[in-house]
Amino acid sequence: MNDFSEIEKELKKLRPTRTSRQLFVRVEQMLAGPEISEHKIIRPNRFRVNWVAIGFGLAAAAVLILLAQISTDRTSKQRERIAQNSPAPETMPALRGAQRSSSEFIPAGATQVVYNTRDEGLQFPGGSAQPLRRLRYQTHQTWQWRNPATGASLRVSYPGEEIVLIPISGQ
C-alpha cells in the first residue's frame, strides 16, 4: 500500500497549472482580429483539369478508331476477293417454229458468297504422315431462274459450309 500513496503524491505534483489570463486574451485577439487574410485560407482545387490524362485518352480513342477502320477495310477486301458471281447464261434462240412453254424456267444465274473463313490450324487427320491445314468456309449460295415468256423469276438461297484440308509440305 505504501507504493500507491507515493505514486499518488507524485501524480498530484504533476497536475497542470492554471492558464494565464494573457493567453486567453491573445487567443481571442487572433480569432476576432481582421488580420486573417484570404491568401492564408486553404481551399481545395475542386475543378482542376488534368490535361495530360485527357490527351492520353483522346490519343487512345484515335488509335482504336484507326484500328477498327483498318480491320473493316481488310474484311471488305477479303469479301470482294472471295465472292463470286457467275454471268447469266445467254438464252437459247427460239427453236424453228416451236414456241416455248409459259411454264418453262431457264437458269439465269448463280451466286456464291463466302462470308466467313476460319483457319483452324494444322491437324493430322486419319493418321496421315504430313500435317494438313484445315480451313472452314461459310457460304451463302443463290440460284436464279427466269421465264422469258412471262418475265417471272424464281430465286432460291441457302447457307452452306465447306471444310478444306490443304497439305503442308515440310522442308
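**Overall picture and confidence**

What you're looking at is a predicted model. The protein chain has 3 helices and 4 strands, and going along the sequence they come in the order α-α-α-β-β-β-β. Of its 171 residues, 9% count as buried. The accessible surface comes to about 15,600 Å², with 58% of that belonging to carbon and sulfur atoms. As for contacts with a sequence separation of 6 or more, 54% are between residues 24 or more positions apart.

How far does the predictor trust all this? The mean pLDDT of the chain is 77, and 74% of the residues reach 70 or more. Among the elements, strand β3 has the highest mean pLDDT, at 90, while strand β1 (residues 84-85) has the lowest, at 55. Then there's the stretch of residues 91-98, where pLDDT stays under 50. For that stretch the model has 3 contacts beyond four places in sequence.

| Pair | Distance |
|---|---|
| Asp119 – Arg133 | 2.9 Å |
| Arg134 – Glu120 | 2.8 Å |
| Glu120 – Arg136 | 2.6 Å |

Start with Asp119 and Arg133, whose closest N and O atoms are 2.9 Å apart. Asp119 sits in strand β2 (residues 106-123) and Arg133 in strand β3 (residues 132-146), so this pair ties together parts that are 14 residues apart in sequence. Asp119 counts as partly exposed because its relative accessibility is 47%. Arg133, at 27%, is partly exposed as well.

Next up is the bridge between Arg134 and Glu120, at 2.8 Å. Here too the pair links distant parts of the chain, with Arg134 in β3 and Glu120 in β2, 14 residues apart. Arg134 has a relative accessibility of 22%, so it counts as partly exposed. Glu120 lands in that class too, with 29%.

Glu120 also meets Arg136 in a salt bridge of 2.6 Å. Glu120 is in β2 and Arg136 in β3, so the pair ties together parts 16 residues apart in sequence. Is Arg136 buried or exposed? Arg136 counts as buried, because its relative accessibility of 15% is below the 20% cut-off.

Which residues do these shared partners join into one network? They are Arg118, Glu120, Arg134, Arg136 and Glu161.

**A nonpolar patch on the surface**

Phe105, Trp143, Leu154, Val156 and Tyr158 form a nonpolar patch on the surface, and together they have about 430 Å² of accessible area. Strand β4 (residues 153-167) supplies the largest share of the patch, with 3 residues. Val156 has its place in β4.

**Thr142, on strand β3**

Thr142 lies in strand β3. Its relative accessibility is 16%, so Thr142 counts as buried. The side chain of Thr142 makes a polar contact of 3.1 Å with the side chain of Ser157. Leaving aside residues up to four places away in sequence, Thr142 touches Gly109, Ala110, Thr111, Arg155, Val156 and Ser157. One of those, Val156, is also part of the nonpolar patch.

**Asn147, in the loop between β3 and β4**

Where does Asn147 sit? Asn147 is in the loop between β3 and β4. With a relative accessible area of 2%, Asn147 is buried. The side chains of Asn147 and Thr150 are joined by a polar contact of 3.4 Å.

Technical notes: Residues numbered from 1 in each chain as written. Predicted model: local features only at pLDDT ≥ 70, side-chain atom pairs only at ≥ 80, totals over all residues. Heavy atoms only, no water. Patch = residues over 30% accessible without salt bridge, like charges linked within 9 Å, V, L, I, M, F, W, Y side chains within 5 Å. Areas by Shrake-Rupley, 256 points an atom, 1.4 Å probe, with all protein chains shown as cover. Salt bridge = Lys/Arg side-chain N within 4 Å of Asp/Glu carboxyl O. Helix = DSSP H or I, 4+ residues; strand = E, 2+ residues; numbered from the N terminus. Buried < 20%, exposed > 50% of the residue type's maximum accessible area, 1.4 Å probe, protein only. pLDDT = per-residue confidence, 0-100. Contact = heavy atoms within 4.5 Å. Polar contact = N/O pair within 3.5 Å; in protein donor to acceptor, adjacent residues only side chain to side chain.
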